[in-house]
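Have a look at the model first.

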Amino acid sequence: MDTFESNWGKTVSFCTVFVVALAAVFYYLENSEIDEIPRMDLNAMEENFRRKNRTCFILGASGETGTALLKEIVESNIFSSITLIGRRQLTFEDKAYTNLVMVWQHMYVEELIEAADVTLSPAAGDQVPLLLQRARQAEDRAQRAEEALARAMDDLHKLKLLAQGLVLNADTSRGPSRSGAIAELREEEDEAYFSSYGHYSIHEEMLKDKVRTESYRDFMYHNMDVFKDKVVLDVGCGTGILSMFAAKAGARKVIAVDQSEIIYQAMDIVRSNKLEDTITLIKGRIEEIDLPVEKVDIIISEWMGYFLLFESMLDSVLYARDRYLADNGLVYPDHCNISLAAVGDTQKHCDRIAFWDDVYGFKMRCMKKAVIPEAVVEVLKPGTVISEPAVIKTIDCGSVTVSELEFTVDFSLKITACTFCTAIVGYFDIFFDKSCGNKVMFSTAPDCTKTHWKQTVFLLESPIPVKTGEELPGQIVVHKNRKDPRALLITLDVVGRKQTYSLQ
């Protein structure tokens, strides 16, 4: 991981010399007030740029990665112009330069033109000194561009994703991602995630999920001795339902934290139920705020996502545990399992996969390669399960580390029918056990009451013939997507047939 961190750091540090300098040429040629200067032959590029409506602000880059990044940016159809912002220290070939002028003076025009895949007219080559003179004016314009930084945050985020794509390329062979990836995300990088929980419909769906909500309620109401006079932290409180359960169960103080806009509704809900003296609500990411207490006795959270680990909210719970939980404190739910089973549903496989062989008389087989890697979240018919389940991961929320949430496990599924295996299904079980006289659990298995988590189905490209009593061997690799650590990449190898699936 140290090597990977170092390489990424070098990419960011060395990156923008080519991009910045060429951006300056484009900008100043396009905005030149001196008509006599020969202009680049940018007809096609100009037309392409005029169709776009965004500005790319670059902080710095050079080398082969910078060249590749530049081409990605120009061809991405995202940005209408490329502008340098800021007066930050740039390093290039072991020399430090404080602004665009110095960087530009140490570049080769030919190298820049080759990087952009555009050409200068013969006469333009004679005007290099004049072009350099105009490039020196970049600092003043760049300084003014800083005023537009707030409006450009969305574009900066897109630029970062482009750069990550070049360096990481969704490589699944680099080993576990860095510990605490979610904790290290900046607020603007995580905005989409929290914004999704600002919509009321998702909270309505979760509250109406009786398996989910009543399990939490019953666990707290039937184990009031656990909560009596305790200080409780609710991570990702949403509407505050779990916080109110805890308050009613006898908690002395409940601190509810959520970054999404739903927290303002939660404040009204708490006041409406006259629980404001017990429940304190705080807007913010648990990784970035300071609680009004040093330690808490209990942490509760409904952090589970599809296939249990999607959205990586457990990372935030573990952060809160390590920072705020008192010695002998409790985390609920306290443990959970992920299980797999074989699925035999040839009709659904035909509808999803074979469908592309003939679509209204046209061949669309290439679509199979795009469809198969997408994990499907759906309610599975219990009758289509053709094996006994196999638990592939057990998580103790009181001791697990973030790095242990990425794992590789061998498994074997005992087949219960003579048929074809067309998919593998994943689901999870949740337990409220530790220190509880009345233990509570629920399952998202196909043969249990439906929940909003449903099940996660991984379709196989080709069905596998199986017989009753035989073992279907396999291996599963689960890790975060390095482009988006809240998403998952899951690689399944079933009898030598390997496929990576995305859950995002």
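What follows covers salt bridges, then strand pairing.

Keep in mind that this is a predicted model, where local features need pLDDT of at least 70, side-chain atom pairs count only at pLDDT 80 or more, and totals for chains, interfaces and linings use all residues. Residues are numbered from 1 along each chain as its sequence is written, and side-chain values use heavy atoms, with hydrogens and water left out.

**Salt bridges**

- Searching the whole structure turns up 15 salt bridges, each being a side-chain nitrogen of Lys or Arg within 4 Å of a carboxyl oxygen of Asp or Glu.
- Arg285, Glu287 and Glu288 are joined in a salt-bridge network.

- Glu204 bridges to Lys208, with 2.5 Å between the closest N and O atoms.
- Both residues sit in helix H12 (residues 200-208), 4 residues apart, or about one turn of the helix; helices here are DSSP runs of H or I with at least four residues, strands are runs of E with at least two, and both are numbered from the N terminus.
- Glu204 is partly exposed at 40% relative accessible area, while Lys208 is exposed at 60% (buried is under 20%, exposed over 50%, partly exposed in between, using a 1.4 Å probe and protein chains only).

**Pairs across the sequence**

- Asp290 and Arg323 make a salt bridge whose closest N and O atoms are 2.6 Å apart.
- Asp290 is in the loop between strand S7 (279-283) and strand S8 (296-300), and Arg323 is in helix H17 (residues 313-324), so this pair ties together parts 33 residues apart in sequence.
- Asp290 is exposed at 58% relative accessibility, and Arg323 is partly exposed at 32%.
- Glu378 and Lys348 also form a salt bridge, with closest N and O atoms 3.5 Å apart.
- Glu378 belongs to strand S11 (residues 376-378) and Lys348 to helix H18 (residues 346-352), so the pair links parts 30 residues apart in sequence.
- Glu378 is buried at 10% relative accessible area, whereas Lys348 is partly exposed at 26%.

**The sheet**

- Four strands make an open sheet in the order S13-S17-S18-S19, with antiparallel pairing (strands pair if DSSP finds at least two bridges between them).
- Strand S13 (407-414) and strand S19 (497-503) are the edge strands, each pairing on one side only.
- From one strand to the next, the twist averages 20 degrees (axes are lines fitted to C-alpha atoms, and angles run from 0 to 180 degrees between N-to-C directions).
- S13 pairs with strand S17 (residues 471-481) in the antiparallel sense over 8 bridges.
- Asp410 stands opposite Gln475 in S17.
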